[in-house]
Amino acid sequence: MTALADVTPPASIGEVPRMVSGHRMMARVSRRMIGAVLVLTAVGLWVAPGASSDPDLVLIKLGLSMFVGFAGLAVLSGEHVVTPVRVEIDTVRREIRLVRGAGQAHELVSRTMVRDLEKAEMDGMMVRLWDAEGGLLAEVALSDPAVRSGLMAVLRDEGKLK
């Protein structure tokens with residue numbers, strides 16, 4: 001995260017925004033479990049007690065186990081890694097930007113003016129910024145006192161600090 005103040009040079013903030021709910025984690029765990037079950041099912045067709053090795057069924061079991069095994073491996077290896085979102089707080093322009101990626105390959109996810117925020121909450125070193133619809137926009141840890149005071153001044157000027 002980066003906060004730019006009009007009185008201080010650009011400074012780095014120590015933490016990326018965190019997801020409050022665990023929906024992504026639960027989806028990843030579910031995908032991994034489904035993939036593991038599919039792979040174990042493919043193996044289980046051959047090693048299960050009472051598995052028949054009749055010539056009629058061997059071809060069907062081979063096709064089914066290959067299909068289920070490849071599907072399980074695809075589910076296990078097909079996880080898409082999402083690069084984390086970085087928060088940039090610009091106190092000069094009075095806006096909060098959410099950016100994904102780094103360098104030339106960065107993508108602007110959202111841009112919100114401080115005046116368009118619903119509210120901001122201060123909890124120790126943590127600042128939570130809520131968008132106009134009432135959703136959590138960002139949660140940032142402010143470790144630099146100069147950046148923290150600059151952001152607090154902007155939030156107080158706009159009447160957003162609760």
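The chat below walks through a predicted model of one protein chain.

User: What does the secondary structure of the chain come to?

Analyst: In this predicted model, the secondary structure comes to 3 helices and 8 strands. Read from the N terminus on, the elements follow the pattern β-β-α-α-β-β-β-β-β-β-α.

User: And how much of the chain is buried?

Analyst: The chain has 162 residues, and buried residues make up 28% of them.

User: Let's look at the helices. At what angle do α1 and α2 pack?

Analyst: The two pack at an angle of about 160°, and their axes are 8 Å apart. Angles over 145 degrees count as roughly antiparallel, and α1 and α2 are therefore described in that way, as roughly antiparallel to each other. Their crossing is left-handed.

User: Which residues of α2 are buried, and what do they pack against?

Analyst: In α2, the buried residues are K61, S65, V68, G69 and G72, and the buried residues of this helix pack against α1, which covers residues 23-47. On the α1 side, the residues that meet α2 include G35, A36, V39 and A42, while those on the α2 side include L62, S65, V68 and G72.

User: How far does α2 reach from its first C-alpha to its last?

Analyst: Helix α2, made of the 23 residues 55-77, reaches 33 Å between those two atoms, which is close to the 33 Å expected at 1.5 Å a residue.

User: I clicked on R32. Where is its place, and what is it in contact with?

Analyst: R32 has its place in helix α1. With a relative accessibility of 46%, R32 counts as partly exposed, because that term covers values between the 20% limit for buried and the 50% limit for exposed. If its neighbours within four places in sequence are left aside, R32 is in contact with L76 and E79.

User: How many residues apart in sequence are R32 and L73?

Analyst: They are 41 residues apart in sequence, and in space their C-alpha atoms are 9.8 Å apart.

User: Changing topic: in what order do the strands of the open sheet come?

Analyst: The order is β6-β7-β8, so to speak of 3 strands in an open sheet is to speak of these, and the pairing is antiparallel. The strands at the edges are β6 (119-123) and β8 (136-141), and each has a single partner strand, so one side of each is left without a neighbour in the sheet. On average, neighbouring strands of this sheet are turned by 15° against each other, with direction ignored.

User: What about β7, is it buried or exposed?

Analyst: Of the 5 residues of β7, 4 are buried, so this strand is largely enclosed by the rest of the structure.

User: How many bridges are there between β6 and β7?

Analyst: There are 5 bridges between β6 and β7, which covers residues 126-130, and the two strands pair in the antiparallel sense. One of the pairings links M122 with its bridge partner V127 in β7, and E121 stands opposite R128 in β7. The two strands form a hairpin with 2 residues between them, and G124 in the turn has a positive phi of about 70°.

User: And how many residues lie between β7 and β8 in their hairpin?

Analyst: That hairpin has 5 residues between its strands, and in the turn G134 has a positive phi of about 90°. The strands β7 and β8 run antiparallel and are joined by 5 bridges, and the bridge partner of W130 in β8 is L136.

User: Last one: what does α3 lie across?

Analyst: Helix α3, residues 145-158, lies across β6 and β7, and it runs at about 35° to β7. The buried residues of α3 are V147, G150, L151, M152, V154 and L155. Its 14 residues should span 20 Å at 1.5 Å a residue, and its end C-alpha atoms are 20 Å apart, which agrees.

User: What follows α3?

Analyst: G159 follows α3, and the phi of G159 is positive, near 75°.

Terms used. Residues are numbered from 1 along each chain as its sequence is written. This is a predicted model: local features need pLDDT of at least 70, side-chain atom pairs count only at pLDDT 80 or more; totals for chains, interfaces and linings use all residues. Side-chain values use heavy atoms; hydrogens and water are left out. Axes are lines fitted to C-alpha atoms, for helices over the stretch in contact, and angles run from 0 to 180 degrees between N-to-C directions. Contact means heavy atoms within 4.5 Å. The expected span of a helix is 1.5 Å times one less than its number of residues. Buried means under 20% relative accessible area, exposed over 50%, partly exposed in between (1.4 Å probe, protein chains only). Angles under 35 degrees count as roughly parallel, over 145 as roughly antiparallel, 65 to 115 as roughly perpendicular and the rest as oblique. A crossing is left-handed if the near helix is turned anticlockwise from the far one by less than a right angle, and right-handed if clockwise.
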